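Student: Please take one part of this model and go through it closely. I'd like the ring and strand geometry with the cut-offs spelled out.

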Amino acid sequence: MAPTFDDGSSLFNFVVRDGYGVKGLVDLGVSKVPERYVQPSQERIEKSSATTLEVPPIDLSKLGGPFHEQVVGEIVHAAQTLGFFQSLKEAAYDFFGQEAEKKAVYKKGTSPSPFVKYGTSFAPEKEKALEWKDYVSMVYTNDEDANKYWPQHCKEVSLEYLRTSVDMVQKLLNVLITDLGVTLENSEIVDNLIGTKMVNMNFYPACPNPDLTVGVGRHSDMGTLTVLLQDGIGGLYVKVEDDMNSAKNGQWIAIPPISGALVINIGDTLQILSNGKYKSAEHRVRTTSDQSRVSIPIFTIPKPTQKIGPLRQVVEKDGVAHYKEMAFQDYMNNFFGNAHEGKKSLDFAKI
């Protein structure tokens, strides 16, 4: 019989400190979600109340061709509304199938590299209810370090995924920044926005009570653009901004997985840079009861020392800046210093 974990501290120690994660709970055979994972009713995800995205994927291969302007228009429209669109896909499960002891090698404080971290939930020490998710995070510094320190099970596919994604991100940013009325005489602006790249592998074990918990709570990403590869199971939801002049304002929309497609989402940094023209995507993830789910995002973010703020040309056109300038490190510290709570992290940057 599986332990009940009625003692909250013993569950926390097992899942977080000992490194067993949510998968460790599932491997023990838990038949119901422990109380520590039960979300407040307003944070739970009701499948029946969400609509499904019906926008077809954007074919980025047409950029630079005869349909260039059409694709540019589709990209800009997506960035101004949902913050999400889709393009390619791939998946990997091997890392999370290992024994807990092998994964725990990469826990914070014991990992062979400060740029590789295995963990569970988002900010377990600060969350009232934990998220039903385990992850491994790999910050890219150079190929040599990645080959030396990234987990053997996933480094090769992760590096290839990163290399192919960065070129796409650069093309997308060129389109989005140019549409703001900014002339890109060199690549410095784009390079500064993606000075750091991070690959995450997220694992959502099958959950006995998916209606009571969440895989990831509602939030927006802190960086510039996120490239997300999801498997065929689904569970991703994005919120339509309240100021979109749409009948779906405030609604949650399911983003169904499409074979051969990636999901790209706008992050807070791009919303700040555009002075609010582009909207970072508030999103969340629902668990499933019948099978586990994997998603693999690449986060492209500025380097910690990089200054972020609305572009001068955009402020001149708008007549007012809605966000202050700051070092990205300050924004990052605020983001990771709090539990997920929608787009509240953007309040830190507002004037």
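Tutor: Valine 227 has isoleucine 264 in β10 as its bridge partner. Bear in mind that this is a predicted model, where local features need pLDDT of at least 70, side-chain atom pairs count only at pLDDT 80 or more, and totals for chains, interfaces and linings use all residues. Residues are numbered from 1 along each chain as its sequence is written, and side-chain values use heavy atoms, with hydrogens and water left out.

β7 (residues 225–230) and β10 run antiparallel, joined by four bridges; strands pair if DSSP finds at least two bridges between them. Strands here are DSSP runs of E, at least two residues, and helices are H or I runs of at least four, numbered from the N terminus. In a regular strand, side chains alternate between the sheet's two faces.

Now the rings. Phe, Tyr and Trp (its six-membered ring) pair if their centres lie within 6.5 Å; planes under 30 degrees apart are stacked, over 60 edge-to-face, the rest tilted. That rule gives eleven aromatic pairs. Phenylalanine 95 and tyrosine 106 make a tilted one, at 6.2 Å and 55 degrees. Phenylalanine 95 is buried at 2% relative accessible area, and tyrosine 106 is buried at 15%. Phenylalanine 96 and phenylalanine 203 have centres 5.1 Å apart and planes at 10 degrees, so they are stacked. That pair links the loop between β2 and α4 to strand β5 (residues 196–204), 107 residues apart.

Terms used
Buried < 20%, exposed > 50% of the residue type's maximum accessible area, 1.4 Å probe, protein only.
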